[in-house]
Amino acid sequence: TVKCINSIEKYVKSVYKIYLVDNNSKDECKKKIENKYGNHANIQLIMLQKNVGYSGGNNAGIKMAMSECAESILIMNSDVILMNDIVTILKSNLNESTVLSGPMVYTKNGENGQYLRKNYGFIYALTDKKPFYYMRKLFKQMDVCYHIEDWNKGLIFKGMLSGCCFLVNSSVFQNIGYFDDNVFLYAEEYIIGKKLEALNYTTCYDPRAKIIHQHGSSTKST
């Protein structure tokens with residue numbers, strides 16, 4: 001979390017405010033967070049009394065940002081480190097039809113960690129289960145993700161990218177009902193993609209914006 005915030009302060013040039021949600025972590029962690037950021041002028045601590053999962057935790061921060069008239073919202077896991085000013089880059093892609101934008105994602109080993117998900121349908125639900133799952137390896141059109149040959153090229157598409165980091169138009173996100181509170185962890189991207197498609201909105205992948213995501217670090221217990 002500290003490394004994540006340090007990278008935000010280092011690279012982001014836009015006017016911003018950080019809403020740091022503590023999803024009912026252990027008391028020792030809470031104290032460290034409160035001691036370090038409790039009096040920070042540009043960070044709003046939101047200390048939840050119950051672990052409400054990825055969706056609920058993000059919604060708590062989003063709704064507070066909305067109450068303070070945020071025009072756009074950057075959703076970001078605590079195990080993400082910015083490599084450049086992704087806010088300025090991602091925001092440049094937003095318009096009346098493209099309302100959500102995400103960056104190139106590197107793993108800590110320098111490999112690709114981004115996934116451009118197609119919107120869920122019958123064929124993808126079917127191939128989620130064995131033995132039909134193995135059909136995805138034979139037929140690329142059955143894959144739940146877009147097949148990308150060159151990750152250095154941007155793409156506008158219908159669907160959703162990795163939920164670890166993305167920028168979204170705040171009013172549109174409010175209109176689609178934020179994250180689904182019924183989902184504690186995982187599958188949120190598919191739900192958002194379907195909601196955006198229902199309103200004829202598109203998503204943008206922009207490789208000029210770059211982050212490192214230490215996959216799973218924010219969900220591992222210590």
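A residue counts as buried under 20% relative accessible area, as exposed over 50%, and as partly exposed in between. These terms are used in the legends below, which describe close-up views of a predicted model.

**Figure 1. A nonpolar surface patch formed by Phe184, Leu185 and Tyr186.** Leu185 has a relative accessibility of 33% and therefore counts as partly exposed. This residue lies in the loop that links helix 7 (170-175) with helix 8 (188-198). Together with Phe184 and Tyr186, Leu185 makes up a nonpolar patch on the surface. The accessible area of the three residues together is about 330 Å².

**Figure 2. Strand 5 and its pairing with strands 9 and 10.** Strand 5 spans residues 98-106 and is mostly covered, with eight of its nine residues buried. Strand 10 (residues 202-213) runs parallel to strand 5, and eight bridges join the two. Strand 9 (residues 165-169) pairs with strand 5 in the antiparallel sense, over two bridges. Leu100 illustrates both pairings: its bridge partner in strand 10 is Thr203, while in strand 9 Leu100 stands opposite Val168.

**Figure 3. The buried side of helix 1 (residues 2-11).** The buried residues of this helix are Cys4, Ile5, Ser7 and Ile8. These residues lie on the same side of helix 1, because they cover an arc of only 160° around the axis. The face turned away from this buried side carries Lys3 and Lys10, which are exposed. On the buried side, the packing partners of helix 1 include strand 1 (18-22), helix 2 (27-37) and strand 2 (43-47). Strand 3 (72-76) and strand 4 (80-82) are also among the elements against which the buried residues pack.

Figure 4. When residues up to four places away in sequence are not counted, Ser7 touches Val80, Ile81 and Leu82. Strand 4 (80-82) is one of the elements that pack against the buried residues of helix 1.

Figure 5. Most residues other than glycine have a negative phi. With a relative accessibility of 31%, Asn24 counts as partly exposed. At 65% relative accessibility, Cys69 counts as exposed.

**Figure 6. The protein chain as context for the close-up views.** The secondary structure of the chain comes to eight helices and 10 strands. Of the 222 residues in the chain, 43% are buried. Among contacts with a separation of 6 or more, 76% are accounted for by residues 24 or more positions apart. The accessible surface of the chain comes to about 12400 Å², and 53% of this surface belongs to carbon and sulfur atoms.

Terms used:
Residues numbered from 1 in each chain as written. Predicted model: local features only at pLDDT ≥ 70, side-chain atom pairs only at ≥ 80, totals over all residues. Heavy atoms only, no water. Patch = residues over 30% accessible without salt bridge, like charges linked within 9 Å, V, L, I, M, F, W, Y side chains within 5 Å. Areas by Shrake-Rupley, 256 points an atom, 1.4 Å probe, with all protein chains shown as cover. Salt bridge = Lys/Arg side-chain N within 4 Å of Asp/Glu carboxyl O. Helix = DSSP H or I, 4+ residues; strand = E, 2+ residues; numbered from the N terminus. Buried < 20%, exposed > 50% of the residue type's maximum accessible area, 1.4 Å probe, protein only. Pairing = 2+ DSSP bridges. Arc of directions from axis to C-beta. Contact = heavy atoms within 4.5 Å.
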